[in-house]
Amino acid sequence: MMKKLIIVGSGIAGLTCAVECAAQGGSVVLVSPYVSERSQSVMAAGGINAALDTKGENDSILCHIEDTMRGGAYIADRKAVEGMCTAAPEIIKWLESLGTVFTRDEKGNIDLRAFGGQTHRRTAYAGASTGKQIVTALVRKVREYECRGLISRRLGMQFHSALINDGKCYGALFYNEKEYKTEALYADAVIMAVGGQNGLFGKTTGSLLCDGYAAGKLFYQGANLKNLEFIQYHPTTIETPQKRMLISEAARGEGGRLYYLNGDKRVYFMEEKYGERGNLMSRDIVSKCIYDAPSQVFLDISFLGKEKIKHKLNEVSDICDRYAGIDVLRESIPVYPSVHFFMGGLSVDRNHRTNIKHLYAVGECASMYHGANRLGGNSLLAAIYSGKSAALSAVNEPYEDRKPNFGTYISENERKISKTLSAESKFPAIYIKQELANIMNENLGITRTGDKIKKGIENIDYFLSISDRLNFDSSISPYQCYSLEGMIMLAKAVLMCAGERKETRGAHIRDDYPESRKELECSTVISYDEGNYKISFKEEV
Ligand SMILES: Cc1cc2nc3c(=O)[nH]c(=O)nc-3n(C[C@H](O)[C@H](O)[C@H](O)COP(=O)(O)OP(=O)(O)OC[C@H]3O[C@@H](n4cnc5c(N)ncnc54)[C@H](O)[C@@H]3O)c2cc1C
């Protein structure tokens with residue numbers, strides 16, 4: 001019988017998974033609040049990694065694997081990384097076959113740019129809009145399957161919870177924002193593709209639609225989370241009132257140089273410390289060096305010239321002009337590290353199965369390939385590879401033929417949502433998201449200490465203690481109401497993992513434990529059981 005799959009989230013990971021499930025003969029419902037063109041995936045400008053070696057530099061899949069393992073401070077699952085890096089060249093061909101137009105060099109080969117932490121030029125790109133082009137190509141393919149009745153898309157649907165009975169997942173409950181009611185969808189398997197946890201931190205480079213709620217809720221429902229303490233600060237962003245705009249690593253990949261001023265003299269601190277490739281060290285290292293710099297750090301790309309900037313870094317010059325009034329041909333860009341990517345997320349096996357049977361996770365919401373720090377260009381690759389891997393497993397897995405009745409669970413949660421909306425209380429929810437972001441930013445910055453983390457946990461505990469008594473005014477949507485509790489739970493789990501990892505590794509830099517510890521060369525796994533958060537360390541193989 002045809003397998004029925006629900007995919008939650010329609011960024012690059014969800015779209016890929018939907019296409020691959022349909023190609024395998026599955027029937028897919030692709031659910032998200034907004035169209036794919038509004039997912040964070042469209043923001044990806046820099047590119048996607050694959051050892052294509054079109055530059056004749058003797059790059060290889062092995063080098064890609066080693067760079068990824070080293071970049072992640074050796075705690076990623078090596079076998080999973082091997083699978084991803086080996087599949088990468090085929091994935092580029094597949095994307096081309098779907099219509100993604102990768103930029104080519106003067107010889108007609110796919111052009112590759114240098115990205116941080118990589119020993120060879122390995123990042124393929126589609127002008128300055130790689131993510132947009134991949135999304136467009138995948139959406140076109142999804143439409144084809146839609147016409148054949150294999151995929152249906154449901155918009156305006158916010159995830160509420162998974163329908164779980166006896167450790168197995170049978171579907172998911174959503175809030176239908178168009179019809180103002182909850183709606184249960186049943187399936188053989190549910191695949192989460194809901195992106196990262198940007199919402200916990202407020203101003204980041206990414207989309208606030210990725211708020212971490214689903215991961216928090218599933219954690220509450222029994223799913224394990226992994227490596228939450230590893231939060232990537234992108235070294236080069238510019239401040240705007242609403243968010244941090246990313247200055248792509250491509251700017252340094254094409255030759256851009258970081259410096260600060262000592263009097264009138266430019267100090268190229270990355271090159272002084274790390275040599276010729278200093279500006280392209282991995283992001284954890286560059287961010288920490290910028291953080292330690294004695295004065296404002298600037299990025300200079302002016303000397304690359306008008307033609308190169310127009311051809312290869314158009315988006316960078318556009319962002320600087322539009323958001324900061326900077327003409328990159330004449331001026332350097334003042335840059336700051338900002339929260340960008342989450343190496344942690346739902347804990348999955350190599351087939352992207354969570355510890356709850358028939359519940360999968362793919363893309364940025366799953367933790368698998370990046371260890372303690374992600375290399376630029378590896379995230380799009382992981383989103384696609386994980387989407388394909390999960391599809392293969394979900395469509396071919398055997399399923400039981402009986403479905404428990406979730407009627408009571410659904411009506412109880414419907415009642416809870418309407419009760420929350422009408423609750424009278426002195427704790428206005430509207431401030432809590434901002435407060436949550438303040439706590440996370442203050443206590444989980446580029447460097448951390450045990451004392452700060454402890455203070456963060458105490459503050460979060462206070463919010464948890466009042467989370468069932470919040471006051472929502474009518475300007476807040478039901479989703480924003482019920483999602484707060486899951487976000488607060490996730491925030492606590494992140495802080496607890498950061499507190500438990502008493503060492504410095506990758507993006508987790510502890511002032512009070514500045515060295516790496518061999519015995520902690522493993523992943524942090526956190527689970528929740530009746531009010532208790534339990535953390536263990538798990539060695540990947
Ligand atoms: C500015 C920027 C530039 C980047 N550049 C690059 C790059 O050049 N190369 C690279 O490899 N990586 C890059 N990244 C990272 C990369 O873009 C992301 O990690 C990747 O696109 C994530 O894809 P995804 O499908 O997992 O998630 P997303 O694209 O974030 O999609 C998540 C989906 O889930 C939906 N969703 C969220 N919450 C819910 C909910 N509660 N209910 C239902 N649906 C929900 C969203 O609406 C969306 O459809 C960049 C990131 C940023 C922010």
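The model is predicted, so local features need pLDDT of at least 70 and side-chain atom pairs count only at pLDDT 80 or more, while totals for chains, interfaces and linings use all residues. Residues are numbered from 1 along each chain as its sequence is written, and side-chain values use heavy atoms, with hydrogens and water left out.

Helices (H or I, at least four residues) and strands (E, at least two) are DSSP runs, numbered from the N terminus. Helix 1 covers residues 12–23. The expected span of a helix is 1.5 Å times one less than its number of residues. For the twelve residues of helix 1 this gives 16 Å, and the end C-alpha atoms are 16 Å apart, which agrees.

Burial is the next point. A residue is buried under 20% relative accessible area, exposed over 50% and partly exposed in between, with a 1.4 Å probe and protein chains only. Helix 1 is mostly covered, since eleven of its twelve residues are buried. Among them are Ile12, Leu15, Val19 and Glu20. After helix 1 comes Gly25, whose phi is positive, near 95 degrees.

The charged pairs come next. A salt bridge is a side-chain nitrogen of Lys or Arg within 4 Å of a carboxyl oxygen of Asp or Glu. The structure holds 37 salt bridges.

One of them joins the side chains of Asp188 and Lys403, at 3.8 Å from N to O. Asp188 lies in the loop between strand 9 (181–186) and strand 10 (189–192), and Lys403 in the loop between helix 11 (378–396) and helix 12 (407–422), so the pair ties together parts that are 215 residues apart in sequence. Asp188 counts as buried because its relative accessibility is 14%, whereas Lys403, at 41%, counts as partly exposed.

Another salt bridge pairs Arg501 with Glu229, whose closest N and O atoms are 2.6 Å apart. This pair links distant parts of the chain, 272 residues apart: Arg501 is in the loop between helix 15 (478–500) and strand 24 (509–510), and Glu229 in the loop between strand 11 (225–226) and strand 12 (231–239). Arg501 is buried, with a relative accessible area of 0%, and Glu229 counts as buried at 0% relative accessibility.

In the salt bridge between Asp349 and Arg353, the closest N and O atoms are 2.9 Å apart. Asp349 counts as partly exposed at 29% relative accessibility, and Arg353 counts as partly exposed at 32%. Elsewhere, salt bridges that share partners join Lys55, Asp105, Asp111, Arg113, Glu254, Lys308 and Lys312 into one network.
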